[in-house]
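Visitor: I have a protein model to look at. Please walk me through it.

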Amino acid sequence: MLSAAVLLPGSAAACLPHRCRQSLSQLPSLASWGLQLPNSISHKATRTAVRAQNVVQDTAVSADNPAQKLPAFLAELQNRQTGRLRSPTVDQQGRIILKNLTKSELADWFEMQGERRQRANHLWRWMYYKDHWVQDLEETHAKQYGFGADFRQSFNAQATLDGGLELQSVHRAADGTCKMLFKLKDQDVAGAIETVLIPVVREGSLKPRTTLCVSSQVGCAMNCQFCFTGRMGLRAQLSTAQIVEQVIEALRLASQESKAAALGLQGAAPLPPLTNIVFMGMGEPLHNLSAVMSAVDILCDNTGLQFSHNKVTVSTVGLVPQLRHFVKNSPAQLAVSLHATTDEVRKRIVPVNRKWPLHTLVAALQDTFPRRVGKSHPRHVLIEYVMLKDVNDTLEDAHRLVELMQPIECKINLIMFNPHQGTRFTASDMNQVEAFRAIIMQVGPTCNIRTPCICS
């Protein structure tokens, strides 16, 4: 087990059963198990199926040896991602990366060490509760409700709170937008990971807020023709820990800015409260589905980071089976990057349309977000539509978009295109965008004009 965590030094150890007092340092290290993970798993395998298999295997494991369950536990974590570009679940020292775990999984891990499951709640608050966000248990030393020296030593030999990202630089724009650039630790991957803090102040809104745009992959495999990230190709899948760490680092930055501004330091500008998270940065989130869904669970846990499910939005270019799975199993919001109203145009600028054409995608949205006239709907889908001059911005496109969305509970965002070096596309004129929006607003759903997050 882990040595006793202490609120008052030495007080907890005496309360533990004798059979639970084995030191964690006496257990074999994670690396010594020589765990052989498969290079890939079937895309049709689900976390539920893997867990069901593990339950059968675990029936043969003695309750007196919970550590024997750990190899299967680690294998399940690794199998959340598929392909050769997945991120590790243990660091180079063989220590488990705990930010990959949801709270219930963290409790499972403690139990496998012979600890009480309730210990997970204590650690969880240090990891995620406001202004804690610890990166190492040594940060809790000599603090109220911190961890004792024996616990810290044993814990640090077996686990890490590192999120697997290294902040490289921060770039601020005149409008308050703040772009953070990260690189992956312990992985030889070219390219930076972009995370963007976007202050939002709208007419009629009493409270300004900040939206955080996070990435789910390095690069992207979808190859959308107007998207800079899409032209990079997929370079790495981000782990749950690496997704969550983007949010933690953004919260740290916002907290530092606010404290500096309160002290009157020159150049310090506090950001409005960070309330919204959108998975609209680098990558196709539903191409990294399990890692993203676990990250959403962590972000929305009400004893940690406490983001509302209604304020967390996951975007997809239209991977239909994954879309259905996400809507069924996650209460977070969904955004769909539609970008065209005909298959002819969409398969040219969004190649995934060749596999799941418009009628298939729209049918899935109608099944999952049906419009009920005169009745409130608990959820709606957000339709993203990048405005490309002379490509998809005609008034005929506006009428077709209204027709496509008529049976679907949705809102529409018209995205102003952000030109980048090497692109052959140009942004639609604002007059054309406003005329496009006016047609939708006459008979269709709510429609807003938005600036892009990173790509699009």
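Guide: Start with one term: a contact means heavy atoms within 4.5 Å. This is a predicted model, where local features need pLDDT of at least 70, side-chain atom pairs count only at pLDDT 80 or more, and totals for chains, interfaces and linings use all residues. Residues are numbered from 1 along each chain as its sequence is written, and side-chain values use heavy atoms, with hydrogens and water left out.

Visitor: What share of the contacts in the protein chain with a separation of 6 or more comes from residues 24 or more positions apart?

Guide: Take the contacts in the protein chain with a separation of 6 or more. Among these, residues 24 or more positions apart account for 65%.

Visitor: How many helices and strands does the protein chain have?

Guide: Helices (H or I, at least four residues) and strands (E, at least two) are DSSP runs, numbered from the N terminus. On that basis, the protein chain has twelve helices and 14 strands.

Visitor: Is valine 352 buried or exposed?

Guide: Valine 352 sits in the loop between helix H9 (343-349) and helix H10 (358-368). Buried means under 20% relative accessible area, exposed over 50%, and partly exposed in between (1.4 Å probe, protein chains only). Valine 352 has 11% relative accessibility, so it counts as buried.

Visitor: Which residues does valine 352 contact, leaving aside neighbours within four places in sequence?

Guide: Asparagine 223 is 129 residues away along the chain, and its C-alpha atom is 8.3 Å from that of valine 352. Now set aside the neighbours of valine 352 within four places in sequence. Its contacts are then Val317 and Leu319.

Visitor: Which residues does serine 255 touch, not counting those up to four places away in sequence?

Guide: Serine 255 lies in helix H6 (residues 240-262). Its relative accessible area is 15%, so serine 255 is buried. Beyond four places in sequence, serine 255 touches Asp131 and Trp133.

Visitor: Why are H3 and H4 called oblique to each other?

Guide: Helix H3 (residues 103-112) and helix H4 (residues 119-128) pack with their axes 9 Å apart, at an angle of about 130 degrees. Axes are lines fitted to C-alpha atoms, for helices over the stretch in contact, and angles run from 0 to 180 degrees between N-to-C directions. Under 35 degrees is roughly parallel, over 145 roughly antiparallel, 65 to 115 roughly perpendicular, and the rest oblique. H3 and H4, at about 130 degrees, are therefore oblique.
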